[in-house]
Amino acid sequence: ETLRRVLSRGSAVGTGEDTAEAGPPLLLLGAPGSGKTALLFAAALEAAGEGRGPVLFLTRRPLQSLPRGTGAALDPLRLQKIRFQYPPSTGELLRLLCSAHEAPGPAPSLLLLDGLEEYLAKDPGPQEAAYLAALLLDTVAYFSHRRGPNRDCGLMVALQTQEEGDSGDALQLALLQRYFPAQCWLQPDAPGPGECRIRACLEPSGLGPRTEWCVTFQPDGEMKITRWPTQACDPSSDKSSSSGDQP
C-alpha cells in the first residue's frame, strides 16, 4: 500500500483510498538500473511521513545520492525517521534480523531490503532463499506484535532479475513468490532522449486490480511518474518473469 501511494501520488491520480494498512509482503523486481532503489527510498519517505513510526532500510552499501523527484526528499524530519543499516554479508544480515528483538526504541512501521540477490549470491540454493525470506517475515511479525493491534509493520524487498535467467534463477524466484504474494515488476520501455523509462506493474496478490505506471528518470536523476495509458498488465510476457505463472 505504501508503494501504491507513492506511484499514485506521483502520477497525481489517487486510488480513492488512503489506508495506512501495510498490506502483504511485496517483492520489487527489475533488471539492473530499473529504479528499484529509487522506489524503495520513495516508499521509505512516504512511510516516514505518515507518523506511524520509524522506517528500517537495509542495504549492503550507503546510497550514493538521494533519488530526486519525491518532494518529501528535502524534508529533514522524514529523513531522520529512516534508519539505514548496512549489513555487508549474508551472515551479518541474518545476525541483524535475529537480534531485532534486542534493538532499542520503537518498532519500525516498514522494513525495506535492497539487493536481496547480493545476499543470496554465495549460496543461491532454495534452502538459503527460503530461510532468509522466512526470517524476514518473522522479523516483521515481531515488529507488528510490538507495535500493537492494527499497526502492522510492512515489508518490501528488491530483487534484481536477469533477462536470461537459468532454471536455478526461475526456481528461486518461484520460491520467493510464495513468501511475497504481492509483486511489482519494473520493465524497461522505449525512453526519450537522455531518459530512462520504466513500466511499473503492481500485482497486489488478489487484493485489488493490477495497476500500471510509467516511471521516467530524467538526465539529472529526477523521477517522474504518470499512469500507463492502458491497464493490460502482463509481466509474465517479460523474459525475466517467465517463472511468475505458478499456482
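1. Basis. This is a predicted model, in which local features need pLDDT of at least 70 and side-chain atom pairs count only at pLDDT 80 or more, while totals for chains, interfaces and linings use all residues. Residues are numbered from 1 along each chain as its sequence is written, and side-chain values use heavy atoms, with hydrogens and water left out.

2. Confidence. The mean pLDDT (the predictor's confidence in each residue, from 0 to 100) of the protein chain is 82, and 79% of its residues reach 70 or more. Strand 4 has the highest confidence, at 97, and helix 1 (residues 2-10) the lowest, at a mean of 83. Over residues 13-19 pLDDT stays under 50, and the model has 9 contacts beyond four places in sequence for them; a contact means heavy atoms within 4.5 Å. Residues 236-247 also stay under 50, with 22 such contacts.

3. Make-up. The protein chain has 7 helices and 9 strands, taken as DSSP runs numbered from the N terminus (helices H or I, at least four residues; strands E, at least two). Of the 247 residues, 47% are buried, that is, under 20% relative accessible area, with exposed meaning over 50% and partly exposed in between (1.4 Å probe, protein chains only). Among contacts between residues at least 6 apart in sequence, 68% join residues at least 24 apart.

4. The 9 strands form an open sheet with mixed pairing, in the order 3-2-4-5-1-6-7-8-9; two strands pair if DSSP finds at least two bridges between them. Strand 3 (82-85) and strand 9 (223-227) are the edge strands, each pairing on one side only. From one strand to the next the twist averages 20 degrees.

5. Strand 6 (residues 182-189) pairs with strand 7 (residues 196-203) in the antiparallel sense over 7 bridges, and Leu-186 stands opposite Ala-200 in strand 7. Helix 6 (residues 126-147) packs on the sheet and touches strand 2 (55-58), strand 4 (110-113) and strand 5 (154-160); its direction makes about 155 degrees with that of strand 5. Axes are lines fitted to C-alpha atoms, for helices over the stretch in contact, and angles run from 0 to 180 degrees between N-to-C directions.

6. Cysteines. How many disulfides does the structure hold? The structure holds 0, a disulfide being a pair of cysteine sulfur atoms within 2.5 Å. Cys-184 is in no disulfide, and the nearest cysteine sulfur, that of Cys-201, is 7.2 Å away. Cys-184 counts as buried because its relative accessibility is 0%. Cys-98 counts as partly exposed because its relative accessibility is 43%.
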